[in-house]
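Student: Can you walk me through this one? I have some questions about the chains and how they meet.

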Amino acid sequence: MGIHVAGIESADDAAHRAGGIAFAEGLTKIYGSGEARVVALDEVDVSFERGRLTAIMGPSGSGKSTLMHCMAALDTPTSGRIVIDGVDLAGLKDRELTRLRRDRLGFVFQSFNLVPTLSARENITLPLDIAGKPVDPAWFDNVIDTIGLRDRLAHRPNQLSGGQQQRVACARALVSRPAIVFADEPTGNLDSRASAEILGFLRRSVDDFGQSVVMVTHEPSAAAYADRVLFLDDGRIVDELLSPTADSVLERMRGFDMATRRS
Amino acid sequence: MIKITLAGIRGHILRFLLTAGAVMLGVSFVTGTFVLRDSIDATLNNLFSQALKGVDVQVRGTQSSGDGGLDDARAPLPLALEKTLTAVPGVQRVAPDVQGTALIAGKDGTAVRSGGAPTLGFAFRDDDPAFSLVAGRGPSGPSEVAVEQATLRKSGLSLGDTTRAVVGDQVRPVTITGEVVFGSMFGATAVLVDEATARSAWASDGMVSAFTITAEPGVDQDQLRAAVAAALPATAEAVTGAALDAESQEALKTGLGFFTTFLLVFAGVALFVGAFIIFNTFSMLLGQRTRELALLRAVGASRGQLQGMVLGEAVVIGLLGSALGIGLGILIALGAKAAIRVGLGASIADDLPVSAAAVGWSIVVGVLVTVASAVIPGRRASRIAPVAAMRDDLVIAPKGLRLRGSVGGALLVVGLAGLGYAVTRDDPLWPLAGVGAGLAVLGALVAAPLTTRPVVRLIAWPFAALGGVVGRLARENSLRLPRRTALTASALMIGLALITGLSVVAQSVKASVADIVTSEVTSTYVLSAGGQSLVPTSVSTAAQKLPQVASVATVNGVGVQVGAVDTFAYAGEAGPIAENFALTMRSGELAALDATHVLVDETRAEENGWTVGEAVPVRVGALPARQLIVGGIYADSQFIGQVLIDESLYEEAVPAGARGAFSVHIKAQPTADVAALRAELTTLVEPYLLVSVQDGEEFVDSSASQVDTLLNLLYVLLLFSVVVAVLGIVNTLALSIIERTREIGLLRAVGLGRRQLAGMITIESVATAVFGAVLGAGLGLALGVALQRGLRVQGLETLAIPWLGIGGMLLAASVVGVLAAVIPAVRAVRLNVLQAIATD
């Protein structure tokens, strides 16, 4: 098909290491066994670049969420190698994985991102508080001003709108200056205006702070905010698009749909 | 709907099992009580029939009259009556009940006995059907004894061994010549001596309490009784063996009735606590199933059907819990039996009868409590609107606590005020006090949720301060649903309030006893047998002969009736009393005390208008009433009591075999070397095995410590409700973790370690447990103080609060909290982070 797939040549591993904040080789994830055996990820090689916003797209069951969960140390692959910010996940115990998530990763989930008993401020500083690390006030202010929720910091999550909650979640993901932020359909539950705010915010975190962000989405308009879009199907990376627009993503998806239908 | 009900239970099997566990514990108490009662009943029946073997007619002293508190007192009978009885036609054998106390020293040199069980001594008679000789031969002469089998085993001695025996008030070395077997001894020990020794030890004054008569073959009990009765003086009566058996059965039934009621009260407390947990569990389960229930409503289930479904679940849980409870109850009865066996060194029952009534009551109680506890949650569930099925957020806005708080607070205030008024009156109004206490407990239960916020904040403060975000999260979790936290804590509050109240009363009793002894006893030394046995009279006689001893006052007593006053009178002699006790005379002279004079305390004198010199009718024990002159009136004394009679009247009323002193008080000569005197006294009492020498302080301690045994028993019984409450904490936590699965997943995803998660849950648990303990301690203190105030007129004058014990209880509550958190915490840390986040 002549499609260039990032990270397929393991020969220049070092090159990936140089540019990639996280990468995986031969990543395979199999659920169940026998009749119920499902291959969610099939020998995936992938690299995410430092200081870039990467979007992962694909139809339901394509393995995009599994890929993200494995890359985010939330799930363990059946085989393959994952390196995050220079740390090889192979053989890490739960405690080390927990520490890795706490210190080097940020998360934004589709919903239920906040602890209901804590205020917005407490939710934002939660990873630092858990780690017992001090909050850098200048950086905190910077993040807060970017998300624009300064007057809402004392509120509990149930006093905030869905968009505001998601903004708080983004602030939490950024406040510990993680190596990489994983966002799992962060706008899945939001209307278009709130979505635009969140995506704009993620975009700014990349442009202004040099943050590396990986986002799973199924909306072409959301993917358009990314520097690069990876397309997954059947557990494999089947396509890639650099500097996407909503139209180009849609077009690629359509073509890709037809390609899979034909095969 | 039945299918849905069963599916509902299957779907939440663990949560229902925990609920059934609460039912189980309450029910097991009920079953255990019934089984233990039936078991003791059977054993005692067996014991009586064994003891009454060969008793066709018994001759005993008449009771002086039926009224008053002297029911048990019977006049002693002269041994000479034996001849008269033998002469009655139809009589085959007459055996005077020559018996008293006897004990031997075991291999280790200490007295052979079990706990506070009696140490019995009998005359050995070959033809006595109550026991049989299984090894060796019967004793003959004063230096030989036969020993009951279990007693012998406990002593570590064997036939032919020589040891020391205390027979009545005689001490001598003896050889064990025989081993005998009675029916069940119920823990008592028995030593048998020959007839002559028995008579000299227990009937030295020629008086016995009864004669046992066996009929000639072919003579029927009633006939013989009539013939015997005709030959008796007025002070004696004859009863048939059958009537005696019936009397014992009656007494047994009454006694067991008290015992059963006593235990069932504790079972009731445990079940009441269990009801809280059932209520809480059902509320939480139904809350978690709101969407499911709403869906059922949306597809057409009626409110009644939903309510029926919930009650159906309750019935199933009630049945399951009761069945498990019956099993556990039988185990508890077995355990109690084993504990009694260890404690008494004797088996109380060979089998454990499980009657249909025990099973039936257990099931009825278990199911009723469960269903009743599920009614309110069930009604709440039936009110869920069908539209809730479609709604995303299921947070039902909690109702305000203000109304609830004011109602509860009002109840608490009114209850405490009523209680306070009732017990501070000169003449406490106990019914009002009971109602007041009930209202106060109810008020505390109702108002508890309002106190959650401040109290839990305070308890969690150190955790939040030291534990950082983990402590803060735990605190906020406990405060999230104040009602639920309060309900869970209330279950613990009930048991701990009772424990605190009891310990306040117990501590006050100890302090009061100590105060009384300290202020009223002026003796140098006190000889006592630990409160469970009497000090033989020969001890005081011997002590009197020591040169350094100024006087010896024996504290012994007998039931008396002076005018309308029924009491237990202290008997003594004026001189020793004056030297050993601080007794203040209001009028008359202490020295007036003799066989024709009685002394009474101020209150009794005032109430009855008695004055010195006046003659009053007095009955001592079962002796006929006589006129005694009031020789003096003394200031009320808790130690001496209301009435003081002369030693000679005591000796007249109590046969030699039953005499003995509760304590013997020794006043040293002013010039005496008290340390040397102590050594002399120790040498003197040592052969008596059970008697020890105490100085004033030791006597205070030992008098006060007698409260502890009873107290420990009550604590063990109340522990049941505490265990049920702890189960409730486990249940609530486990359920709340299921509710918070997603939140826990999120916390884990953003970096909360397993240990931190377990720590958070443990802090929540500790906060709940300590909250319950704080409420319980507060309520218990109020009740305990009220009880002490009410009882002050009965001699419980000193209020003492066991702060150390209460502090220990709070500490224990935190340990309990940690333990209760184990299962929920393990479940929480085992949650798969990804699945947890994905749960809805």
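Tutor: Go ahead. One point on contacts to start: in chain B, 82% of the contacts with a separation of 6 or more are between residues 24 or more positions apart. Keep in mind that this is a predicted model.

Student: And what is the figure for chain A?

Tutor: In chain A, 68% of the contacts between residues at least 6 apart in sequence join residues at least 24 apart.

Student: How many helices and strands are in each chain?

Tutor: Chain B has 23 helices and 23 strands. Chain A has 10 helices and 10 strands.

Student: What share of the residues is buried?

Tutor: For chain B, 52% of its 840 residues are buried. For chain A, 53% of 263 residues count as buried.

Student: How much of the accessible surface belongs to carbon and sulfur?

Tutor: Chain B has an accessible surface of about 34800 Å², and carbon and sulfur atoms hold 63% of that. For chain A the surface is about 11500 Å², with 48% on carbon and sulfur.

Student: What are the dimensions of chain B?

Tutor: Its C-alpha trace spans about 100 × 65 × 50 Å along the principal axes.

Student: On to the interface. How many residues are in contact?

Tutor: On the chain A side 25 residues are in contact with 22 residues of chain B. The area buried between the two chains is about 2100 Å², with 65% from carbon and sulfur atoms.

Student: Which residues of chain A lose the most area there?

Tutor: Phe112(A), Thr117(A) and Ile130(A), which together give 27% of what the chain A side buries.

Student: How many salt bridges are there between the chains?

Tutor: The count between chain A and chain B is five. One of them joins Glu476(B) to Arg156(A), with the closest N and O atoms 3.2 Å apart. Over all chains, the structure holds 40 salt bridges.

Student: Give me one inside chain A.

Tutor: Asp136(A) and Arg177(A) form one, 2.7 Å from N to O. Asp136(A) is in the loop between helix H5 and helix H6, and Arg177(A) is in the loop between helix H7 and strand E7, so the pair ties together parts that are 41 residues apart in sequence.

Student: Which salt bridge has both partners buried?

Tutor: Arg604(B) and Asp601(B) are both buried, and their side chains meet in a salt bridge at 3.0 Å, N to O.

Student: Which residues are linked in a network?

Tutor: Glu82(B), Arg125(B), Glu195(B) and Arg199(B) are linked by salt bridges in a network.

Student: Last one. Where is Glu647(B) found?

Tutor: Glu647(B) is in helix H17 of chain B, residues 647-653. Glu647(B) is buried, with a relative accessible area of 13%. Beyond four places in sequence, its contacts include Thr554(B), Ala571(B) and Asn556(B). Asn556(B) is 91 residues away from Glu647(B) in sequence, with 8.7 Å between their C-alpha atoms.

Notes: Residues are numbered from 1 along each chain as its sequence is written. Chains are lettered from A and ligands numbered from 1 in the order in which they are written. This is a predicted model: local features need pLDDT of at least 70, side-chain atom pairs count only at pLDDT 80 or more; totals for chains, interfaces and linings use all residues. Side-chain values use heavy atoms; hydrogens and water are left out. Helices (H or I, at least four residues) and strands (E, at least two) are DSSP runs, numbered from the N terminus. Buried means under 20% relative accessible area, exposed over 50%, partly exposed in between (1.4 Å probe, protein chains only). Contact means heavy atoms within 4.5 Å. Accessible areas come from the Shrake-Rupley method with a 1.4 Å probe; for residues, only the protein chains shown count as cover. Buried area is the accessible area (1.4 Å probe) that two parts lose on being put together, summed over both. A salt bridge is a side-chain nitrogen of Lys or Arg within 4 Å of a carboxyl oxygen of Asp or Glu.
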